4 protein chains.
Amino acid sequence: MKSMVPDYLDAVLQGVRSDTSGERAQYIPELATADPDLLSAAFATVDGEIYGSGDVDVEFTIQSISKPFVYALALADRGFDAVHAKVGVEPSGEAFNEISLEPGSGRPRNPMINAGAITVHSLAGRDRESADDRVARVVRGLSAFANRPLHVDADMCASEMEHAHRNLAIAHMLRSQDVLVEDPTAIVEGYVRQCSVLVTTRDLAVMAATLANAGVNPLSGDQVIPAPVVRQVLTVMATCGMYDAAGDWATQVGIPAKSGVAGGLIGALPGQIGIATFSPRLDAHGNSARGVSLFERYSNDMGLHVMEVPPTARSVVRANEARGSGAEAMRVLEMQGGIRFAGAERIVREVVDTVPQEPRVVLDFTAVHSIDDVARRMLLEVARRLSLDGHDVYVVDPDGIVADPDSRADHRFTVIGHIGRAAHRRST
Amino acid sequence: MKSMVPDYLDAVLQGVRSDTSGERAQYIPELATADPDLLSAAFATVDGEIYGSGDVDVEFTIQSISKPFVYALALADRGFDAVHAKVGVEPSGEAFNEISLEPGSGRPRNPMINAGAITVHSLAGRDRESADDRVARVVRGLSAFANRPLHVDADMCASEMEHAHRNLAIAHMLRSQDVLVEDPTAIVEGYVRQCSVLVTTRDLAVMAATLANAGVNPLSGDQVIPAPVVRQVLTVMATCGMYDAAGDWATQVGIPAKSGVAGGLIGALPGQIGIATFSPRLDAHGNSARGVSLFERYSNDMGLHVMEVPPTARSVVRANEARGSGAEAMRVLEMQGGIRFAGAERIVREVVDTVPQEPRVVLDFTAVHSIDDVARRMLLEVARRLSLDGHDVYVVDPDGIVADPDSRADHRFTVIGHIGRAAHRRST
Amino acid sequence: MKSMVPDYLDAVLQGVRSDTSGERAQYIPELATADPDLLSAAFATVDGEIYGSGDVDVEFTIQSISKPFVYALALADRGFDAVHAKVGVEPSGEAFNEISLEPGSGRPRNPMINAGAITVHSLAGRDRESADDRVARVVRGLSAFANRPLHVDADMCASEMEHAHRNLAIAHMLRSQDVLVEDPTAIVEGYVRQCSVLVTTRDLAVMAATLANAGVNPLSGDQVIPAPVVRQVLTVMATCGMYDAAGDWATQVGIPAKSGVAGGLIGALPGQIGIATFSPRLDAHGNSARGVSLFERYSNDMGLHVMEVPPTARSVVRANEARGSGAEAMRVLEMQGGIRFAGAERIVREVVDTVPQEPRVVLDFTAVHSIDDVARRMLLEVARRLSLDGHDVYVVDPDGIVADPDSRADHRFTVIGHIGRAAHRRST
Amino acid sequence: MKSMVPDYLDAVLQGVRSDTSGERAQYIPELATADPDLLSAAFATVDGEIYGSGDVDVEFTIQSISKPFVYALALADRGFDAVHAKVGVEPSGEAFNEISLEPGSGRPRNPMINAGAITVHSLAGRDRESADDRVARVVRGLSAFANRPLHVDADMCASEMEHAHRNLAIAHMLRSQDVLVEDPTAIVEGYVRQCSVLVTTRDLAVMAATLANAGVNPLSGDQVIPAPVVRQVLTVMATCGMYDAAGDWATQVGIPAKSGVAGGLIGALPGQIGIATFSPRLDAHGNSARGVSLFERYSNDMGLHVMEVPPTARSVVRANEARGSGAEAMRVLEMQGGIRFAGAERIVREVVDTVPQEPRVVLDFTAVHSIDDVARRMLLEVARRLSLDGHDVYVVDPDGIVADPDSRADHRFTVIGHIGRAAHRRST
């Protein structure tokens, strides 16, 4: 059998190929003369499978798509407070090149506009690092997201510096407000090098998948950045990633995303997938015209919108029945599916409503495929309370998904690998 | 056993009780003299369980919390295009009472600022409805969200009208731009009545749960608004619901939310829960001070942030094994958990990599607890392709979660209720 | 001989007649259907001569040209502090219908934008006057400026009220900030009546001449408003009168001016002349297109720019000579021209440098045609000091232009009507 | 006798000496450590007399007071159109360091804000001049205004460059808009050197007097800049010179003015006087606190407000009488004072109303001390028309104030030096 995913990718790509609307970025020759017909898309799953269609191995400059990743690096390197002191998280409703500093503090409103991204660049790496070392750290960091060594396009970089008047203006303004504390020109040069890193559509999909995978690169398995940083970065992408079209994107597409002026566009769907597209012609907002169409199609076809209410699930409680009799009588609750707060609450309610009379209570998690912290804590508390009520409690957990083996001693219940074992145990 | 959810709610509520920061809204006596110590919180699950703590049955005016619900009604009544033509979806980064009209069109930037909400009020109900009928439709709609008949507080309403200068200014401005096309004073009066609807914390939790439950009221089971409207409303709440603190809220709390000047605050987590709190003292952004603290605590304790990457799940493919031999040989794949695009892709990959040699292939969905459209389509396509490859394909789907019984005739595979049936069938 | 002034007016008017650029105001039928070819200009001198050319007796609504005059009335009625507390004097650099309130205070930036003019209207007349009495006071005041009873165009007024959404928005906003303290609708109605007062080009020239003449109507001789109010009004006209074209007007034309949407335009040159033009087609700034051309021409042809440095004058000291000998010897200084501070300083210097040795000193002001307060005080001080130095001082002042007859007793010098009298007096 | 002008200056200075409100500029040590008690004022008359009080010979840096003078140089060097294409003339209502570029063009709103002044600096001298030559031209130009060679304070300059972040930001922004077309850093360095020119209060008074004197330095007699440039500069000072306090200054003081951050403040009253003050403590608007008080006092005491309506003058027609009889009969009109348009119009009217019957008409300008172009043209036209009416016309003009000697041949009248000559001539 052949997978239908490549077919799907090809078909959707074909569907937008005839759209030649928009214009390449014009402000430097290297972008203005890019092949406008290049077109590609790639999906990278959180377990490392990559699907591509079109020119997925053509290199282009990452440009503003570097912003969320370097924001992640800065948060990881300096901590939330240090970064938040310098760069806000509020949507500005403005174009990418607006200065948009907060009155008073002079803090850029968010890390996705240039003022914020330049400031964020200055916060990558250790404090008081040299400009070169900082760029090296940024390129290393981006490479870790992509799982291959990336490089700066020196020609692009030189050309960008010749047209960096506005970014220099922004940097000097930030310097005047002490948001930047080093030489503004050196920081802008570093930022331009960051933006001139060469990537392929495949690279970008892997980078996005790393965000979708809680910071763990699905190819290398490395934790590139901590999970809490990922949450922050995805949130800021969701609210500020598409500049003055942020609201339209959030409602229509609903995938945390970021575009670059060279034509790249990425989206990361938490827990599921990283997506990247590449097409150099830009729409009036400065986003890749065909890239936006592709994402609209993906979101719509695949239900990828983050505010999509998930399909109603079968009950997390698969069975609730009394088995045996007398001293051997036991109440068995079989759970299934993924359990987060809402599921755990349902289970708690089931137990409360049941008021088990049997001496033994078995909580069977064999069919549970995932569980989060709050659910785990709640269910362990259920076991504890049942035990306090005088029951012998068995937690069937063959893969150790619920019970922490290290702290098993403290539990007032018995963890077993198979429900059969509960039947053969003597009551305590 | 006693549920720990009420304990949790009580404990968290107790934790913020001593915080007396902030001030009641001062602009009308009715709000300025509210009991500042009132404090409550309620959770409503998507299957209709309600937990409350504190003063959950005290009535207060809904105020701006009406905005997302009436936006939902207007979208349902007039359609997306008609509403979008009048009110944008872009975060404004501004306080609630900023006029914030888009240059040129004069369209309010989003439905959560007053200019947008006044316009949205004018779009509830049928076109050319009388002002009274429109208010009646709004109150009926809010009541459907709450699952009880709600009423307007006439005194509050009168007092608000006396201080409605700014809203009247906004309405006249909108009228001058032909965004409003009726008498601005009548529309503001209707809007003030909308804001003066009395609700309890319990009501608000049910209303929020209706949003979390794809528009179906978890108590009545009624589809109050269509699911696509819910997605739109939740998105706009996420980006614009907390005014100029939208970015801080999105990063810190990450629950689509809306606050009201009387002290109410709601949040809706898609697929899980509706939350409401009430405490009249407001912080500098105009949001309930203790309400914000409660939500921060809930989000943090319970992992409710929408950008929280879900815990890594057990593989969606529970088993992949050959059984039997010869003509009876069959390849069995057991799936489990909830399946969306990423899970379906994993299954596809499993099948592709396996290259089954057995004449029979069994796809067992017994342990699958939920599946969405795209995953269903992909898996039916897997069955179809295996069949085209010459396999006898059996889909084990006891509850009809995958296969649409109505179109079964077209399938090139056999749907069965139990895997045992595959073994006893003759090959075709 | 025939005066060349009418010839000049006719010629200049003829020069712009073929210019049909611009559009009539479109927002109400009464203005949109005005005869677009109407064209007129009038000059009124500060001694009451009026020159007109074209349709100088056609009536049209005064519109925004009422703003400086009602500002004058409010300043006269309530005093500077009361008005300044409500309306600023800063140029806004914005169009006439921008709200442009000062952050914090909510005070309109200046009285020439609508927000300021509406507030100013509310400050005309006595405090707590009825809306009708206030309008009556305004119409009476405008009539005093024009020296004939003016009337409101009721049809225009009704039509304007139908399209007053923006002004109502502004008024409600001002009410919300407590800048207005009465019913906003009533104030806007009064303001619309103010704007609907019918005037002719001739009327406007007389009204402007009253400002040019220090508040004294040149026809009636009545002091319509005090001189200090005139200074304030002229200054605000100079900096804010032409909206967002204020700077271009100030540099190109340099005459304090005000335009109205019906096509009127006035300018007042302190001490010289009031000018009015009328032509209904408006340019992009909302100013009468041909009116602006006419003023540019007048300013250029006649050197009417307020920052025009006056031609270098002959010395204010016409003669400084010793006459006679012995005890009869006298030092005679003949002054001429108009004397303000700079001239007085020059005279002081002449006296100081001369170090008169003669027993008698004659200061002859016969040829002086004007003198202001500071110059008068300085020259009286010269006389006093010469007297203290031991001279017999004679001030020749046939028309009492220098010496205040009432306080003559205090002077240590002799005021005479003709220099001959000095020669015949005995030394004291 | 001793002049009272120095007494006055001393007294006013003494009156503000105890005011220690405000703070020295803090952004560079050289300004932050200036002696805050320094205080001085100087008057320079348009004929070159200088009065000073206090520390009039202490040098300090000119700072923003250079702006109007370099604007004058740029207008003189490049012409109005070239400068206007790059820098507007609209008041911005903003603080000095606001960027305040016009949307679209990116043109700074006016030459008094830093963005405008930096652009203006780049327009001084010839096109494509080196940065050093441009600074040399600026220093030479400022020296011509001051009538002594001025020098740059190198230490101040170096210190300013270290804190020029905001100006560099502005310059890069202007470069990005192609308003600047050279290296922004070099232009800012030049601008900083311009601002670091050392001047005394005496110098500034002379510089201001040069503006008051139509561009002619009253000490050297050199025409430093053409008169039309002066008018432009004075207008822009009047509307934009005092930043966000422009309106208050225009109404309260009414003298075209400019302040500098080192504590200097100048005002120029056309045709009368240049004034300068120095006191380093600045008010909240960044203007010298005591300097503002001094100017308020001067304006009030001396009637220096440009919108002050001049005192009503004696009639410009001093006498209008018939003399002699028969063929010798002549009509004599004696004029007096300064004649601009309004005076000329009055004379025209006198002649028209008189309808002279005498064969000879004598227009006696002996007592006229000044006349401007338009008045001269009108009065020559009076003479021409009288001649056409058949009169023998004599213009008594001993100093050639009215009649242009060069074109005398064309006149149809006779110019004489004394009225007596008219009597002795034979009729033509």
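I count two strands as paired if DSSP finds at least two bridges between them. The model is predicted, so I keep to local features with pLDDT of at least 70.

**Entry 1: strands in chain C**

I began with β9(C), residues 330–339, and β10(C). Nine bridges join these strands, and they run parallel. I then followed the chain from β9(C) to β10(C). The path goes through helix α14(C), residues 341–354, and this β-α-β crossover is right-handed.

I turned to the other neighbour, β11(C), residues 392–396. Five bridges pair β10(C) with β11(C), again in the parallel sense. Here Arg360(C) faces Asp392(C) of β11(C). Between β10(C) and β11(C) the chain passes through helix α15(C), residues 373–388, in a right-handed β-α-β crossover.

Why is β10(C) largely enclosed by the rest of the structure? I checked burial along residues 360–371: 11 of the 12 residues of β10(C) are buried, so the strand is largely enclosed.

**Entry 2: domains of chain A**

I noted the division of chain A into domain 1 (4–302) and domain 2 (317–424). Taken over C-alpha atoms, the centres of domain 1 and domain 2 of chain A are 45 Å apart.

**Entry 3: the annotated site in chain A**

Is Asn114(A) buried or exposed? I count a residue as buried if 20 or more other C-beta atoms lie within 10 Å of its own. Asn114(A) has 23 within that distance, so it is buried. Asn114(A) lies in helix α5(A), residues 114–122. I checked the rest of that helix: nine of the nine residues of α5(A) are buried. Among them are Gly116(A), Ile118(A), Val120(A) and His121(A). What covers the buried residues of α5(A) includes α3 (66–78), α6 (131–146), α8 (165–176) and α9 (184–195) of chain A.

Glu160(A) came next. It lies in helix α7(A), residues 154–162. Glu160(A) has 24 other C-beta atoms within 10 Å, so it is buried too. I listed its contacts, leaving out residues up to four places away in sequence. Glu160(A) touches Ile28(A), Val192(A), Cys195(A) and Ser196(A).

**Entry 4: chain A against chains B and D**

I laid chain A on chain B. A turn of 180 degrees with a shift of 0.0 Å along the axis does it, at an RMSD of 0.1 Å. That is the relation of a two-fold axis. Which C-alpha of chain A is nearest the axis? That of Gly337(A), 2.2 Å from it. The same surface serves both copies, as 99% of the contact residues of chain A recur in chain B.

I repeated the superposition with chain D. Chain A goes onto chain D by a turn of 179 degrees and a shift of 0.0 Å along the axis, with an RMSD of 0.1 Å. Here the C-alpha of chain A nearest the axis is that of Ala169(A), 1.8 Å from it. I compared the interface residues last.

Technical notes. Residues numbered from 1 in each chain as written. Chains lettered and ligands numbered in written order. Predicted model: local features only at pLDDT ≥ 70, side-chain atom pairs only at ≥ 80, totals over all residues. Helix = DSSP H or I, 4+ residues; strand = E, 2+ residues; numbered from the N terminus. Right-handed = clockwise from strand over helix to strand, strands pointing away. Least-squares fit on C-alpha atoms with pLDDT ≥ 70 in both. Contact = placed C-beta atoms within 7 Å. Domains from an automatic or database assignment.
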